[in-house]
Amino acid sequence: MLNALIFDVDGTLADTESVHLEAFNHAFRQEGLDWHWSTEQYTQLLDISGGKERMLHHWRTVDPDMKEVDAGALTDTINRLHEIKTAYYENAVNSGAVTLRPGVLALMSEARAQGLQLAIATTTSPVNIAALMRSAIGLDWRSHFLAVGDASNAPIKKPNPQVYMKVLADMGMRAADCVAFEDSSNGLRAATAAGLDTVITPNSFTAHHDFKGALRVVPDLSQVNVARLREWHNR
Ligand code: XBP
Ligand code: MG
């Protein structure tokens, strides 16, 4: 049976990562840090899911001993940088910096018209999801989704399956009755560990990832409709 489609956000619904990158670099500048991530560096850093975790990983790389920093100051700094980064990102999305990837809206509309449920499973923050969905779908975007799993209610980041397990539990559905959509190997590992068939739409940041075990890898969702998904899923 196919009863629901569960979507990752960053990189899957939209090519958001270049805006996230700009937002991180803005936060570093604003806080007077001499950090600046290039696109190449960020492509590698995306192996670490979650903005706070990513900055912490970078900090540990450039300052392995962290002798000068106590734990409280470390958390405060990361939280402040992430707040600045999130405000910049939300503002950029509100100004129209990001549009949905091809086929996303059409697949969501077709699925809803056929009585399938939609859900979101992402590592990002609720304000970032709301900004993107408001601009893409409208003010009532939340009513289109039966469940939304994000950094606020599933704090253990992908490749851990927590966010997918949370969404499945909130929907009251079995993994066998859903298909997930992802763009990265961390996302694929998280969805697969939750028992989900996963369709991958890579992008320039994730094209080199290992997608072994995916249900299908397609350039974008314009190639995908509900009939095709049922055929691939077939269980
Ligand atoms: C996306 C992420 C996010 C964004 C930044 O992963 O890892 O961290 O890059 O967002 P996925 P935050 O698409 O697998 O959810 O700074 O809000 O974490
Ligand atoms: Mg993603």
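Here is the tour, from the whole chain down to single contacts.

This is a predicted model, in which local features need pLDDT of at least 70, side-chain atom pairs count only at pLDDT 80 or more, and totals for chains, interfaces and linings use all residues. Residues are numbered from 1 along each chain as its sequence is written, with chains lettered from A and ligands numbered from 1 in the order in which they are written.

**Whole chain.** Show the cartoon: there are nine helices and six strands (DSSP runs numbered from the N terminus, H or I of at least four residues for helices, E of at least two for strands). The C-alpha atoms fill a box of roughly 55 × 35 × 30 Å along the principal axes.

**Ligand 1.** Now select the 19 residues around ligand 1; Asp 10, Gly 51, Thr 122, Thr 123 and Thr 124 come nearest (C-beta, placed from the backbone, within 6 Å). Colour α1 (17-30) and α8 (185-193), the elements giving two or more residues to this shell. Then colour domain 1 (4-15 + 98-233) and domain 2 (17-94): both give residues to the shell, so ligand 1 lies between them (the bounds come from an automatic or database domain assignment).

**Helix pair.** Next, pick α4 (residues 71-94) and α6 (residues 126-136), whose axes come within 9 Å and cross at roughly 5° (lines fitted to C-alpha atoms over the stretch in contact, angles from 0 to 180 degrees between N-to-C directions). That makes α4 roughly parallel to α6 (angles under 35 degrees). Finally, show side chains: Tyr 89 and Val 93 are among the α4 residues meeting α6, where Ala 131 and Leu 132 are among the partners (C-beta atoms, placed from the backbone, within 7 Å).

Notes. Angles under 35 degrees count as roughly parallel, over 145 as roughly antiparallel, 65 to 115 as roughly perpendicular and the rest as oblique. Two residues are in contact if their C-beta atoms, placed from the backbone, lie within 7 Å.
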